[in-house]
Amino acid sequence: MAKRRKGNMENIPAIKNCNGRIITDSIEKANSLNFYYSTVFSSEGNIPHIQGENIGELFAIDITIIGRWIGAIGKNTSVGPGRVSGKILKLGGEAMIPYLARLLDITMNNGTLPGDWKTATVIPIHKGGNRSLVTSYRPASLTSVVCKQMEHVIASYLRQVWDKNDWLYEGQHGFRPGYSCESQVITVCQNISDCLDDGDRIGTIIVDFSKAFDLVPHGRLLMKIANSGVDSRVVVWIREFLLGRTQSQGRRAIIRRS
């Protein structure tokens, strides 16, 4: 049954599907929402096969990052499809670190990920506007708590390599430590101020890409990562992470992405 995420478990009201038909059945609501989510997704080409060559910057598991993120697990962290509660990891504390590190090491060297790590339970969140339109809801995906710990380690490694190789454009302020929306605004204002002081003309183009993250072609993204000087095993791990993902409402599989 399609539910709202916030405290109460009130059903989502009747909605219109993409054809304008009013839907009241819970299963039909879930299918209609998931059909919309699947259309807002780039399926450009196939994800390329990555060979285990050209090692690049050797990947090493940083157990301090695992410990840090275990400590950061919230009390109300939702249990994902893997049915492993964040409370278990948090209560285990440092005792869990060797097991998680070993698990990541196995998946990294084998180039495969457990199926539970690639499954998400999707909950629709109302983002404003007409509640009867499927376009007024965005998907919140509950995924494996264990896999999230692995993702943090991988992301930290990528940032480290890219910073070392000076690979990221200096104007990239999003999703980088020490950068933020505020720092970007300050930089833009400073540039404008400098131009005004020098008597230069200023031209500004502001582009807002709709569904920017959803529409990034995975194949092109993966090739960029592969060419950025990282360990090829990490590229294979990310490729496996992106392939064969499934979404479900409760226990009923609705969409499969390949």
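Where is the place of Asp166? Asp166 lies in the loop between α5 and α6 (181-198). Helices (H or I, at least four residues) and strands (E, at least two) are DSSP runs, numbered from the N terminus.

## Basis of the model

This is a predicted model, in which local features need pLDDT of at least 70 and side-chain atom pairs count only at pLDDT 80 or more, while totals for chains, interfaces and linings use all residues. Residues are numbered from 1 along each chain as its sequence is written, and side-chain values use heavy atoms, with hydrogens and water left out.

## Asp166, a positive phi

Asp166 is not a glycine, yet its phi is positive, about 50°. Most residues other than glycine have a negative phi. Asp166 counts as exposed, at 65% relative accessibility. Here exposed means over 50% relative accessible area, buried means under 20%, and partly exposed lies in between (1.4 Å probe, protein chains only).

## Two nonpolar cores

A nonpolar core is a set of buried Ala, Val, Leu, Ile, Met, Phe, Trp, Tyr and Cys residues joined through side-chain atoms within 4.5 Å. The largest one has 32 residues. Phe59, Ile154, Leu158, Val230, Val234, Trp237 and Ile238 touch the most other members. Two or more residues come from each of α2 (63-71), α4, α5 (145-164), α7 and α8. Helix α5 gives the largest share, 10 residues.

Take Ile154 as an example. Leaving aside residues up to four places away in sequence, Ile154 touches Phe59, Met108, Val234, Trp237 and Ile238. Contact means heavy atoms within 4.5 Å. A second, separate core has 10 residues, including Ile12, Ile15, Leu33 and Tyr137.

## Strand β3

Strand β3 is largely enclosed by the rest of the structure, because seven of its eight residues are buried. Its partner is β4 (residues 137-142). The two strands run antiparallel and are joined by six bridges. Strands pair if DSSP finds at least two bridges between them.

## Salt bridges

A salt bridge is a side-chain nitrogen of Lys or Arg within 4 Å of a carboxyl oxygen of Asp or Glu. By this rule the count is five. Side chains of opposite charge can pair when their charged atoms come close. One of the bridges joins Glu28 and Arg21, at 2.7 Å from N to O. Glu28 is partly exposed at 33% relative accessibility. Arg21 is partly exposed too, with a relative accessible area of 45%.

Another bridge joins Lys164 and Glu57, with the closest N and O atoms 3.2 Å apart. This pair links distant parts of the chain. Lys164 sits in helix α5, Glu57 in the loop between α1 (26-39) and α2, and they are 107 residues apart. Lys164 counts as exposed at 59% relative accessibility. Glu57 is partly exposed, with a relative accessible area of 30%.

Asp231 sits in the loop between α7 (218-226) and α8 (232-242). Its relative accessible area is 0%, so Asp231 is buried. Its side chain meets that of Arg233 in a salt bridge (2.9 Å, N to O). Arg233 counts as partly exposed, at 23% relative accessibility.

The side chain of Asp231 also has a polar atom 3.0 Å from the backbone nitrogen of Phe59. The Arg233 pairing is a polar contact as well (2.9 Å). A polar contact is a pair of N or O atoms within 3.5 Å; within protein, one must be able to donate a hydrogen and the other to accept it, and residues adjacent in sequence count only if both atoms are side-chain atoms.

## Lys118, buried without a salt bridge

Lys118 is found in the loop between α4 (97-110) and β3 (119-126). What is the nearest side chain of opposite charge to Lys118? It is Glu240, 4.2 Å away. Lys118 is buried yet has no salt bridge. Lys and Arg count as positive, Asp and Glu as negative; His and the chain ends are not counted.

The side chain of Lys118 does reach the backbone oxygen of Leu243, at 3.1 Å. Beyond residues up to four places away in sequence, Lys118 touches Leu113, Glu240, Phe241, Leu243, Gly244, Arg245 and Thr246.
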